[in-house]
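Here is a briefing for a reader who is new to this structure. Please look over the sequence and the 3D view before reading on.

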Amino acid sequence: MNVKVATAPETTAVGQRPNATELKERIVRHLHSTLGTDVNKASPQAWWRATCASINEYVFDGLRNTQRTHYQQNTRAVHYFSLEYLMGRLFSNNLHNLGFYEEAKQALLELGINIADLEEQEEDMALGNGGLGRLAACFIDSLATLNYPAIGYGIHYEHGLFKQEFQHGIQIERPDSWREYGNPWEICRPESAQEISVYGYVETVYDLQGRMKKVWHPGRIIKAVPWDIPVVGYNGSSVNVLRLWESRASDFFNWDVFNSGGYIDAARENIEAETISKVLYPNDETEAGKELRLIQQYFFCSSSLKDIIRRYKRAHGDDWSQFAKQVVIQLNDTHPTVAIPELMRILVDRAEMTWDDAWNICQHVFAYTNHTLLPEALERWPVRLFEKVLPRHLEIIYEINRRFLVEQVDVRWPGDVEKKRKLSIIEEGHEPMVRMGHLCVVGSFRVNGVAEIHSQLVKSDLFPEMVALWPDKFTNITNGVTPRRWLKACNPRLAKLLDNTIGTTWPTQLTELAKLKAYADDPAMQDAFMAIKQQNKAELATEVKRLTGVDIDPHALFDVQIKRLHEYKRQHLNLLHILALYRRILQNPDYDMVPRVFLFGAKAAPGYKLAKEIIYAINKIADKINHDKRVKNRIKVVFMPNYRVSLAEKMIPAADVSEQISTAGKEASGTGNMKLALNGAVTVGTLDGANIEIAEEVGLDNIAIFGLTVDEVKALYQSGYNSRDYYLNNPELKAILDWLETDYFTPGKPGELAAIKRSLLEGGDHYLVMADFASYCDAQQKIDEWYRDRNGWARKAMLNTASVAKFNSDRSIEDYVEKVWQLKRCVVAVKP
Ligand code: GPU
């Protein structure tokens with residue numbers, strides 16, 4: 001066997017790697033001096049905090065070394081602007097990336113503590129909704145690992161994504177107070193606070209030379225205080241920062257009204273100022289249109305730009321000529337678009353630059369990633385709201401638009417009013433709107449989609465005229481996930497098997513995974529691989545019992561669908577198939593199928609009624625099936641409550657089947673699909689998003705593809721889709737939908753589950769559930785047959801792990817560096 005052994009370097013950016021004895025001493029010292037307790041009476045929380053404090057000693061060394069090196073070398077850096085970062089827990093992630101997880105485990109063991117129990121002490125840092133926020137978290141891990149100078153900017157939400165409970169099957173939302181008792185990973189930096197203006201009016205004034213100037217008189221000033229979270233690269237690389245802004249009442253401004261007897265008004269204004277960073281909007285892929293959300297967006301963009309400019313000026317003073325050479329800003333979807341007019345305002349109004357010079361800088365600084373084509377997610381802000389909150393920015397947007405229409409659109413399509421109407425950043429109508437996507441494309445030098453098919457559709461369906469104007473602006477960068485969190489840390493058994501089989505370099509050289517292909521037919525390796533899956537499933541079964549009380553058989557097939565709840569992701573298609581199986585069993589007591597556990601994890605946006613109905617239906621149907629003796633455990637259905645990053649880390653290593661069943665053309669990429677395949681799950685999926693590229697990598701023997709293609713979906717919509725045809729022509733489908741109207745699953749309450757049927761028949765079935773149902777059942781039948789052949793299945797599972805190295809976020813980051821950011825790696829010099 002050709003085994004490459006690469007051990008972690010002894011010294012790293014964070015200094016010397018400690019041994020267990022050293023760590024033990026530090027943990028006990030922190031128990032005493034940081035936590036004020038001792039080994040005999042410390043609570044699990046205190047142990048956890050003492051261990052975090054010990055870890056931080058290394059993290060902060062790395063942070064200092066990295067920041068000094070970047071400063072001395074005056075590096076160009078990427079500034080990632082995102083409203084969301086779904087970080088999850090940092091304890092084991094930091095230990096793995098620092099390279100002494102095993103030593104810490106040993107140290108704790110010697111202190112009588114199980115490291116896995118300590119990990120459970122940490123609240124997830126859930127400052128995001130789903131894929132978009134988790135992608136940002138994977139990207140900052142890869143940036144640090146690859147030694148690229150980078151900083152993530154976002155909001156320090158006091159409450160992250162809500163916690164989900166079920167009461168009688170209904171989703172209940174509870175506040176997430178992730179830092180109620182403090183968060184050991186963050187550092188407050190009051191010395192870098194900023195002041196942010198909103199509201200007010202714009203005055204036109206003339207200087208002594210008669211030049212017109214615009215002066216914005218803000219109505220409110222808010223303080224922005226940064227919290228830094230160190231982001232540790234894997235194995236002694238850089239320690240970058242995630243800088244999150246918290247809103248506070250401004251020190252001087254509001255309390256002036258005190259004298260005029262406005263004490264209560266001042267207090268109210270302070271509360272309003274502090275509201276800005278209070279809570280994450282829980283809507284995934286729906287534009288909220290709320291004033292507070294616009295203020296959140298502006299608040300963090302303005303703070304971050306001022307932070308960037310302050311740092312730039314430290315090196316360059318008032319010389320702006322190097323700005324675009326030093327700074328690139330990546331906009332994570334359109335949520336931070338207001339950064340574009342904000343930079344224009346700073347350059348034109350504050351730095352007194354000409355419009356052309358300022359625009360030239362902007363157009364070399366911003367790049368935009370599009371993450372969706374769903375119309376309801378394309379952000380548009382009422383002009384009226386913009387005028388109220390950001391009056392000067394609205395003027396600037398009008399001017400950007402005027403020049404765009406005159407200098408670009410009218411030159412390319414002279415006199416074409418329809419083109420102007422379509423391309424205008426301002427959408428005309430009863431309620432005029434600012435189109436943030438248009439503004440992003442106009443203001444950025446590069447626009448990318450997140451999987452091949454998606455990037456094609458961005459060009460053909462969303463911005464075809466923009467492509468005609470600027471063909472080179474558009475590109476694709478397929479998403480990826482960090483193999484450190486999503487394999488090494490979450491699946492230690494498989495990680496160890498890989499270490500022993502293909503060597504230990506795969507966490508940073510994921511293409512090494514391909515070496516596993518040589519073992520796909522080796523019965524011993526197949527056994528080893530499946531034994532690990534079996535152990536992971538047994539562990540998950542224990543967790544399922546603890547969290548839901550449901551007994552599941554670890555030897556059944558584990559079929560997993562974990563993602564936000566959305567009609568386009570079609571959890572209800574999965575449910576209809578479950579009902580089909582259940583009905584077949586009731587009709588034929590000997591119905592032959594591989595025993596299967598269907599596991600769901602999903603949060604619904606609190607205001608998304610049908611999504612909540614789907615959750616309720618799954619819970620009710622689960623309850624019925626799980627207690628039906630006639631089923632004889634051939635089907636179990638489990639809805640795991642409060643799906644989040646730390647739960648994903650337990651479910652993904654235990655999955656046999658990965659459900660990726662969105663309507664073709666609707667899922668931009670998907671990233672859960674990548675994590676599941678990496679951990680040896682076989683995908684049941686449509687030809688959508690990155691599924692297409694996964695199929696290319698693993699081969700059609702190792703993935704169950706079904707359903708309409710993007711082109712077929714378009715053709716079907718065009719020909720006039722009628723979901724009722726499928727209802728009338730497929731007796732099984734008809735029986736299932738009719739079943740939902742009875743009280744079979746909700747005794748005494750007929751019709752409680754009927755909303756799903758209504759949406760599929762009267763509602764028009766916008767996501768083609770009915771059209772794809774038969775094909776989906778066929779794919780599931782194929783899975784059933786594949787799973788019966790144990791060696792055949794082991795081969796498929798192994799080939800999935802072996803074939804998905806492409807979907808590594810390190811590769812995504814290298815693509816961004818090459819196609820967009822043009823960064824140089826900066827190896828950090830260690831100084832004691
Ligand atoms: N995505 Br827009 C979100 O999770 N939230 C959003 O608001 C928007 C997009 C997702 C896409 O749905 C998913 O397909 C993609 O993999 C992910 O962003 C990261 O690009």
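Predicted model: local features only at pLDDT ≥ 70, side-chain atom pairs only at ≥ 80, totals over all residues.

The structure holds 23 aromatic pairs.

**Aromatic pairs**

- A pair of aromatic rings is described by the distance of the centres and the angle of the planes.
- Phe 463 sits in the loop between helix 16 (452-462) and helix 17 (464-469), while Phe 474 belongs to strand 21 (residues 474-476), so their pairing ties together parts that are 11 residues apart in sequence.
- Both Phe 463 and Phe 474 are buried.
- Tyr 582 and Tyr 744 also pair: their ring centres are 6.3 Å apart and their planes stand at 55 degrees, so this pair is tilted.
- Tyr 582 is in helix 21 (residues 571-587), and Tyr 744 is in the loop between helix 28 (731-741) and helix 29 (754-760). The pair therefore ties together parts that are 162 residues apart in sequence.
- Tyr 744 has a relative accessible area of 23%, so it is partly exposed.

**Charges over rings**

- Lys 603 lies over the face of Phe 162, at 5.5 Å from the ring centre.
- Over the face of Trp 486 lies Lys 675, at 4.3 Å from the ring centre.

- Helix 21, which holds Tyr 582, packs with helix 30 (residues 769-788) at an angle of about 60 degrees. Their axes are 10 Å apart.
- Helix 21 and helix 30 are therefore oblique to each other. Their crossing is right-handed.
- On the helix 21 side, the contact residues include His 572, Leu 573, Asn 574 and Leu 576. His 577, Ala 580 and Arg 584 also take part.
- Helix 30 meets them with Val 769, Phe 773, Tyr 776, Cys 777, Gln 780 and Gln 781.
- Helix 2 (residues 44-73) and helix 3 (residues 91-98) pack at about 35 degrees, and their axes are 11 Å apart. Helix 2 passes helix 3 in a left-handed crossing.
- Helix 2 brings Trp 48, Thr 51, Cys 52, Ile 55, Tyr 58 and Val 59 to this contact. Helix 3 brings Phe 91, Asn 94, Leu 95 and Leu 98.

**Two residues and their contacts**

- Asn 626 lies in helix 22 (residues 609-626). Its relative accessibility is 16%, so Asn 626 counts as buried.
- What does Asn 626 touch, not counting residues up to four places away in sequence? It touches Val 550, Ile 635, Lys 636 and Val 637.
- Arg 248 is found in strand 14 (residues 239-249). At 29% relative accessibility, Arg 248 counts as partly exposed.
- Leaving out residues up to four places away in sequence, Arg 248 touches Ile 222, Lys 223, Val 225, Trp 227, Ala 273 and Glu 274.
- Arg 248 and Glu 195 are 53 residues apart in sequence. In space they are 9.6 Å apart, C-alpha to C-alpha.

Conventions: Residues numbered from 1 in each chain as written. Heavy atoms only, no water. Phe/Tyr/Trp six-rings, centres within 6.5 Å; stacked < 30°, edge-to-face > 60°. Helix = DSSP H or I, 4+ residues; strand = E, 2+ residues; numbered from the N terminus. Buried < 20%, exposed > 50% of the residue type's maximum accessible area, 1.4 Å probe, protein only. Lys NZ or Arg CZ within 6 Å of the ring centre and 35° of its normal. Axes fitted to C-alpha atoms, helices over the stretch in contact; angles between N-to-C directions. Parallel < 35°, antiparallel > 145°, perpendicular 65-115°, else oblique. Left-handed = near helix turned anticlockwise from the far one by under 90°. Contact = heavy atoms within 4.5 Å.
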